[in-house]
Amino acid sequence: PRSMRLRVAICIAATAIIAVGCSTQGSGGPKEAGGTQQVSVTADPASEVSATAPTVIVLDASGSMKQDDAPGPRIDAAKNAIHTLVSGLPDEAALGLIAYGTATGSSDAEKVAGCRDIKTVVPLGPLDRNAFAAGIDGLSASGYTPILSALQQAAAALPADGERTIILVSDGEDTCSTEPPCE
C-alpha cells in the first residue's frame, strides 16, 4: 500500500481568517478502512503549507463573496489572505491556484453551468509570485459554490503520493453538493 498524507485547510474569508485542516493518512482517503481523519484549527494558514508539500489553493469567487462585511467585499479579504500566504512562502514552494464561481451568475437557470464553473488559474508548479498576483487580482465573484468538485479537482492536480496540501478559501457552504467536503 502506498503512503499518503493530504491536508485540506479551509479558510473562511469574513472578519477573520480561520484555517481548519482535514488530514487523512492511509493508502486511500478518509473513508478507507484503517485510514484516520484529524481536524485541527490554526490561525495561520501559512503554517499548513511546507516548502516540500505541493499545495493547491482553491478560491471561492461565488456570488456570496461580493458581500460587503469583511470589512469590504469578502472576495477582497480572500484575495488579501492569499497574497499574504504567497508572500510568506519560500521560493521553492510548489503551488497552484484553482477558482470557482467566476464565469456564471447565481440564478437558478445558471446552476448546472455554475456547478461546473471551476478553473485552474495557476497550474501546480514552482512558485511564480507574479502569476499568482495576476491570477488572483483578475478574478471577480459572481456564481455558484461547487466546493466538493473544486476540492476533487485540486486533489487530482496534486501528486498521488507523499505529503500534499489543499487550502480552500471560502465564506460558505457548497451550493452544488450536500456531501461533506472532507469526506
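Visitor: At what angle do helix H1 and helix H3 pack, and how far apart are their axes?

Guide: Helix H1 (residues 74-87) and helix H3 (residues 129-137) pack at about 175°, and their axes are 10 Å apart. This is a predicted model, where local features need pLDDT of at least 70, side-chain atom pairs count only at pLDDT 80 or more, and totals for chains, interfaces and linings use all residues. Residues are numbered from 1 along each chain as its sequence is written, and side-chain values use heavy atoms, with hydrogens and water left out. Axes are lines fitted to C-alpha atoms, for helices over the stretch in contact, and angles run from 0 to 180 degrees between N-to-C directions. Helices (H or I, at least four residues) and strands (E, at least two) are DSSP runs, numbered from the N terminus.

Visitor: What makes H1 and H3 roughly antiparallel?

Guide: Angles under 35 degrees count as roughly parallel, over 145 as roughly antiparallel, 65 to 115 as roughly perpendicular and the rest as oblique. The angle here is about 175°, so H1 and H3 are roughly antiparallel to each other.

Visitor: Which residues make the contact?

Guide: From H1 come Lys-79, Ile-82, His-83, Val-86 and Ser-87, and from H3 come Arg-129, Phe-132, Ala-133, Ile-136 and Asp-137. Contact means heavy atoms within 4.5 Å. By class, there are 5 nonpolar, 2 polar and 3 charged residues. Here Ala, Val, Leu, Ile, Met, Phe, Trp, Tyr, Cys and Pro count as nonpolar, Asp, Glu, Lys and Arg as charged, and the others, Gly among them, as polar.

Visitor: How do you know that the span of H1 agrees with its 14 residues?

Guide: The expected span is 1.5 Å times one less than the number of residues. For H1 that should give 20 Å, and its end C-alpha atoms are 20 Å apart, so the two agree.

Visitor: Why is Ile-136 called buried?

Guide: Buried means under 20% relative accessible area, exposed over 50%, and partly exposed in between (1.4 Å probe, protein chains only). Ile-136, in helix H3, has 0% relative accessibility and therefore counts as buried. Leaving aside neighbours within four places in sequence, Ile-136 is in contact with Lys-79, Ile-82, His-83 and Leu-97.

Visitor: What covers the buried residues of H1?

Guide: The cover includes strand S4 (55-60), strand S5 (94-100), H3 and strand S7 (162-170). Among the buried residues of H1 are Ile-75, Ala-78, Ile-82 and Leu-85.

Visitor: What makes Gly-96 buried?

Guide: Its relative accessible area is 1%, so Gly-96 is buried. Gly-96 lies in strand S5 and touches, among others more than four places away in sequence, Val-56, Leu-124 and Phe-132.

Visitor: Which side chain joins that of Ser-62 in a polar contact?

Guide: That of Asp-60, at 2.6 Å. A polar contact is a pair of N or O atoms within 3.5 Å; within protein, one must be able to donate a hydrogen and the other to accept it, and residues adjacent in sequence count only if both atoms are side-chain atoms. Ser-62 lies in the loop between S4 and H1.

Visitor: Which peptide bond is cis?

Guide: The one joining Ala-70 and Pro-71, with omega about -15°. Most peptide bonds are trans.
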